[in-house]
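Welcome, and please take a moment to look over the structure shown below. The notes after it go through it topic by topic.

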Amino acid sequence: MSIAAQTLRPNAALDLGAMSLREVNAALKAESEGVFDVLNPGGAHAVACGLNAPVEVHVRGHAGYYAAGMNRLASVTIHGNAGTGVAENMMSGLVRVTGDASQSAGATAHGGMLVIGGDASARCGISMKGVEIVVGGSVGHMSAFMAQAGALAVLGDAGEALGDSLYEARLYVRGAVASLGADCIEKEMRDEHRAQLADMLARAGMDADPSAFRRYGSARKLYNFKIDNAY
Amino acid sequence: MTEQPRIPRTVPRKSATFDDATLAEIRRAAATGIYDIRGGGAKRKLPHFDDLLFLGASMSRYPLEGYREACSTEVVLGDRHAKNPITLRTPITIAGMSFGSLSAQAKEALGRGATLAGTSTTTGDGGMTAEERGHSKTLVYQYLPSRYGMNPEDLRKADAIEVVVGQGAKPGGGGMLLGQKINDRVAQMRTLPKGVDQRSACRHPDWTGPDDLEIKILELREITDWRVPIYIKVGASRPYYDVALSVKAGADVVVLDGMQGGTAATQDVFIEHVGIPTIAAIRPAVQALKDLGMHRKVQLIVSGGVRSGADAAKALALGADAVSIGTAALVALGDNDPRWEADYQALGTTAGAYDDWHEGRDPAGVTTQDPALAARLDPVAGGRRLANYLNVMTLELQTIARACGKSDVRNLEPQDLCALTIEAAAMAGVPLAGTDWTPGR
């Protein structure tokens, strides 16, 4: 997707080659609406983090750690790859990565949607608390570790120990799962799950058949300590 | 029938190795198949502040008048990078304790007491409550591995952010909150099913090591517009390196928690066998700051078994800028108060020994989510008691500082101390009393 030039304000292009990260983030946070380009990110960390308004931000290149971290309301697209912890602890809004994402994508995020066009590395969706994550490619090991709520859809494969120590998050994987983590089991894919997945895929702009996915969730056997009474 | 002479026999003698507590624990473990979980800090006898003494002024030092001459207790925390560093009237702060482990009343009381005394209080592994924020003039927001209740709105309401890497009671371990205390409100705040035995993560989900943490801190500063100080809290285990790496990662303040520091709930084996005593941790931490040229620039807060102004004075003399209290603050609120002895007896314990904080049946209403029990703690009265206690500690601290000739409590120094035991002398790096011998130096 390209930004229509006519939507840009005169100051809509923020060049990280000429401005400091502080200046760029402060400028973005000062806006309550509008469309903005961040140019020459060059792998900078913490780009467009802490946004708190329904602005639309396009990062034109690769971003470093914690891009769009703690996002609320904003729509942020990274036109490239993203480093560790993209959209970590997001509350709402949309974060899209056109390329690949490094580890801990969407970590602890409470809401909104994270879309990763390519692959996501280890611990994708770790401790997620309500976010929806759609990954066009595959996810690495320990993804959805201790995931509490929300849904993760993976169009490719999942690495080892998927959903280890899972709580109530729903995991949908179309490809192969290397192994399931502790207390994570395959569950029946019912109509409600196919409907949820179809909705997520549609909003993410992913063309995939929900019926091709398998669902994984918590066996809930780790929810309480087991205490014997052998006295 | 003639009576046979009795052969002398040994008296029943219990083993020092297999003492009553050890035997009871073996039987309990055999019966239940689960390790012992409890609250509080190490209960075993450890080298501590009691093993240190101050050398009051005499011929070679000049004391200050106890009531007439000024002795400053003010401390500024976090002036390395933050636009708004914290200024406190006393260097005795309230340590992080969560809503969930503590009742809402207890959290409110901590905020009230800290505010009255001119100091800060700290959230815990459960997010920020409105009661706590509303009654705390200065509130430090903990950023923990679990990120329960973490949201940018609360982050921006905080006066400082404390990135928790570890805790003295359990360095290397995560928190616990058992199902009895996960009621509707706690479950909602933590996004957990009601009634689960919650075991927090021990590592942060999106960074590993000081290089990553440096970037995480950059993110936190960007989100809060570089306004508030960033603390890093570590459990005392390898204090020299942990403090040095905290500074490297960008901390404005380092919080160092010794093994006497309490926890809401964790395995007893963790509490008693992992970490090092508080007095053993301070000097290496201070040395790390000095080696980096950052002593007094990155402030050091020490916690773990601080109970009195004397303890605070000793921590400051060893190089700390401030101290934190947790368990002592709960006692000031009413925890383990003998007035509830009948209730403690009903729980199979006694006032002063009650440590099953994780069960949520605290008669004093401090470590519970039971509405009836929690209502026993009046947050206004509890806050007043805490403020009184903090004021007494501050007066005690000044008393000692003046006796050592200091017009500012942070002018206390290791040369004002001696040790009662060889162990304490070695750990604190001060001479054995009556000698000029500092073991290991």
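In strand S12 of chain B, Asp257(B) is the bridge partner of Gly235(B). Strands here are DSSP runs of E with at least two residues, helices are runs of H or I with at least four, and both are numbered from the N terminus. This is a predicted model, in which local features need pLDDT of at least 70 and side-chain atom pairs count only at pLDDT 80 or more, while totals for chains, interfaces and linings use all residues. Residues are numbered from 1 along each chain as its sequence is written, and chains are lettered from A and ligands numbered from 1 in the order in which they are written.

**The sheet of chain B**

- Strand S11 (residues 230–235) and strand S12 (residues 253–257) of chain B run parallel and are joined by five bridges.
- Two strands count as paired if DSSP finds at least two bridges between them.
- These strands belong to an open sheet of eight strands in chain B, with parallel pairing and the order S5-S15-S14-S12-S11-S8-S7-S6.
- At the edges of the sheet are strand S5 (92–94) and strand S6 (121–122) of chain B, each pairing on one side only.
- S6(B) is paired with S7(B) in the parallel sense over two bridges, and Thr121(B) stands opposite Leu139(B) of S7(B).
- Is strand S7 (residues 139–143) of chain B enclosed or open? Five of its five residues are buried, so S7(B) is largely enclosed by the rest of the structure.
- "Buried" means that 20 or more other C-beta atoms lie within 10 Å of the residue's own; with 12 or fewer the residue is exposed, and in between it is partly exposed, with C-beta atoms placed from the backbone.
- Leu139(B), Tyr141(B) and Tyr143(B) are buried on one side of S7(B), and Val140(B) and Gln142(B) are buried on the other.

**Chain B as a whole**

- Chain B has 15 helices and 16 strands.
- Its radius of gyration is 23 Å, close to the 22 Å that the globule rule gives for 441 residues, so chain B is as compact as a globular protein of that length.
- The radius of gyration is taken over C-alpha atoms, and the globule rule is 2.2 Å times the number of residues to the power 0.38.
- The C-alpha trace of chain B spans about 95 × 65 × 45 Å along its principal axes, and 57% of the 441 residues are buried.
- Among contacts in chain B between residues at least 6 apart in sequence, 67% join residues at least 24 apart.
- A contact requires that the C-beta atoms of two residues, placed from the backbone, lie within 7 Å.
- An unreviewed UniProt entry gives the annotation "domain: Glutamate synthase" for residues 77–334 and 358–406 of chain B; positions follow the numbering used here, feature names are shortened, and annotations may be inferred rather than shown by experiment.
- Residues 77–334 of chain B are 37% helix and 17% strand, with their end C-alpha atoms 29 Å apart.
- Residues 358–406 of chain B are 59% helix and 0% strand, and their end C-alpha atoms lie 43 Å apart.

**Chain A**

- Chain A has two helices and 11 strands, which follow the pattern β-α-β-β-β-β-β-β-β-β-β-α-β along the sequence.
- The radius of gyration of chain A is 18 Å, close to the 17 Å from the globule rule for 231 residues, so chain A is as compact as a globular protein of that length.
- Among contacts in chain A between residues at least 6 apart in sequence, 22% join residues at least 24 apart.
- S2(A) and S3(A) run parallel and share five bridges, with Val35(A) opposite Glu56(A) in S3(A).
- Leu51(A) lies in the loop between strand S2 (35–39) and strand S3 (56–60) of chain A.
- Why does Leu51(A) count as buried? Leu51(A) has 26 C-beta neighbours inside 10 Å, and therefore counts as buried.

**Where the chains meet**

- The contact takes 37 residues from chain A and 23 residues from chain B.
- Helix H1 (21–29) and strand S7 (129–135) of chain A are the elements that give two or more residues to the side of chain A that touches chain B.
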